[in-house]
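Please keep the sequence and the structure in view while reading.

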Amino acid sequence: MTTNMLNLPSFRILDMKESEYDYRFLVETTLPPPSYCPKCGTVANLYKNGKKEQLFFDLPMHAKRVGIFVKRQRYKCNDCGATFFESLPDIDEGRSVTNRLINWIQETSLEKTFTSVAGEIGVDEKTVRNIFNDYVNELEAQTDFRTPKWLGIDEVHLLKNYRCVITDVENKSVIDILRKRNKDNVISYLSKLRDIDKIELVAMDMWNPYKSAVNTVIPHAKIVIDKFHVVKLANEALEKIRKANRQNVTAKERRQLMRDRYVLLTRSKDLTDFDDQIKLQVWTQNFPLLGQAYAF
Ligand SMILES: [Zn+2]
């Protein structure tokens with residue numbers, strides 16, 4: 001039997017049993033014996049001190065649960081008398097599962113219940129929940145002390161409410177999502193950020209509470225209005241003028257203007273079609289107000 005079936009090079013498979021729902025492997029390690037005592041550091045004064053079978057769970061295989069029994073070597077140190085087991089690089093000993101199963105649980109728990117994840121792999125629901133909670137805490141710890149140089153404040157509509165989204169613009173990542181986007185909430189969040197003097201720019205839309213919160217907490221930061229929001233407002237204004245203009249034109253022109261509106265919403269340098277350039281000229285020259293709005 002080869003190590004290939006588990007695809008864990010640190011184990012050699014000694015035996016394998018298969019039943020309706022489970023695979024059970026018996027393995028030993030392929031690693032060289034330890035060269036020093038982890039307790040006192042003495043080099044090469046160790047002797048073997050028995051073996052013990054320990055069970056670890058692994059990724060499901062062919063829709064069956066996989067348990068790995070490791071015949072694990074124990075050593076004793078001649079110098080300090082400490083006993084210890086050989087190390088297992090592919091195993092998370094705290095949770096009694098393989099490291100790759102930890103990753104799998106973290107991802108799968110985002111989509112499935114803890115109970116169904118647990119059932120698929122053979123561990124109990126509490127272990128799955130603990131592994132997932134560790135993961136969430138890890139992610140939270142990572143985001144806490146990362147104050148970006150360019151802070152972004154935006155919003156998403158989530159669960160029937162506008163939520164304030166805090167981003168790291170330079171590294172294109174989301175830092176946090178706040179339940180509410182009002183000024184007090186944003187002020188209280190910004191006040192808790194560390195190294196606030198590191199923030200140079202704050203990008204946002206034109207929502208006034210954001211601006212006023214930033215001016216209060218990070219007065220030294222330059223506020224940058226996201227181009228997307230400016231262009232959006234400009235396009236809306238142009239549409240308003242185009243519609244207001246409908247009264248001044250014939251019915252035929254009105255229909256034509258409706259069809260040609262896309263040229264008014266495109267920069268002239270992006271109008272590659274010659275006909276489109278002509279249309280733009282006709283509308284902006286014959287209707288100066290429209291021409292002015294377009295130029296703006
Ligand atoms: Zn020792």
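The model is predicted, so local features need pLDDT of at least 70 and side-chain atom pairs count only at pLDDT 80 or more, whereas totals for chains, interfaces and linings use all residues. Residues are numbered from 1 along each chain as its sequence is written, and side-chain values use heavy atoms, with hydrogens and water left out.

**Zinc site**

- The zinc ion has as its protein donors the SG atoms of C37, C40, C77 and C80, which lie 2.3 Å from it.
- Donors are defined as N, O and S atoms within 2.8 Å of the metal (3.2 Å for Na, K and Ca); water is not among the atoms, so sites may look incomplete.
- Along the chain, the donors of the zinc ion are spaced as C-x2-C-x36-C-x2-C.
- The site of the zinc ion is tetrahedral, with angles of 107 to 112 degrees among its four donor atoms; four donors receive this label if all angles lie between 85 and 135 degrees.
- For four tetrahedral donors, the ideal angle at a metal is 109.5 degrees.
- C77 is buried, at 2% relative accessibility, while C80 is partly exposed, at 39%.
- Buried means under 20% relative accessible area, exposed means over 50%, and partly exposed lies in between (1.4 Å probe, protein chains only).

**Salt bridges**

- The structure holds 19 salt bridges, each being a side-chain nitrogen of Lys or Arg within 4 Å of a carboxyl oxygen of Asp or Glu.
- Side chains of opposite charge can pair when their charged atoms come close.
- E93 and R72 form a salt bridge through their side chains, at 2.7 Å from N to O. This pair links distant parts of the chain, with E93 in the loop between strand 6 (91-92) and strand 7 (97-98) and R72 in strand 4 (residues 64-77), 21 residues apart.
- Within this pair, E93 is partly exposed, with a relative accessible area of 44%, whereas R72 is buried, at 3%.
- R181 and E155 also meet in a salt bridge between side chains, at 2.9 Å from N to O. This pair links distant parts of the chain as well: R181 is in the loop between strand 10 (173-178) and helix 4 (183-192), and E155 is in strand 8 (residues 150-158), 26 residues apart.
- Both R181 and E155 are buried.
- K112 and E120 form a salt bridge in which the closest N and O atoms are 3.0 Å apart. K112 is partly exposed, at 37% relative accessibility, and E120 is partly exposed, at 30%.
- A network of salt bridges links D22, R24 and R65.
- Helices (H or I, at least four residues) and strands (E, at least two) are DSSP runs, numbered from the N terminus.

**Nonpolar cores**

- The largest nonpolar core has 20 residues, of which L151, I153, I166, L190, V202 and I218 touch the most other members. Strand 8, strand 9 (161-168), strand 10, helix 4, strand 11 (201-204) and helix 5 (208-217) each supply at least two residues of this core.
- A second, separate core has 14 residues, among them L6, L8, F11 and V27.
- A nonpolar core is a set of buried Ala, Val, Leu, Ile, Met, Phe, Trp, Tyr and Cys residues joined through side-chain atoms within 4.5 Å.
- Not counting residues up to four places away in sequence, L151 touches residues including I166, L190, V202 and I218; contact means heavy atoms within 4.5 Å.

**Individual residues**

- D79 is located in the loop between strand 4 and strand 5 (83-85). Residues up to four places away in sequence aside, D79 touches C40, T42 and N45.
- The side chain of D79 makes polar contacts with the side chain of T42, at 3.5 Å, and with the side chain of N45, at 2.6 Å.
- A polar contact is a pair of N or O atoms within 3.5 Å; within protein, one must be able to donate a hydrogen and the other to accept it, and residues adjacent in sequence count only if both atoms are side-chain atoms.
- R242 is in helix 6 (residues 227-244) and is buried, with a relative accessible area of 2%. Not counting residues up to four places away in sequence, R242 touches L257, M258, R261, L264 and L290.
- W150 lies in strand 8 and is partly exposed, with a relative accessible area of 32%.

Terms used:
Tetrahedral: all angles 85-135°; square planar, octahedral: opposite > 155°, others 65-115°.
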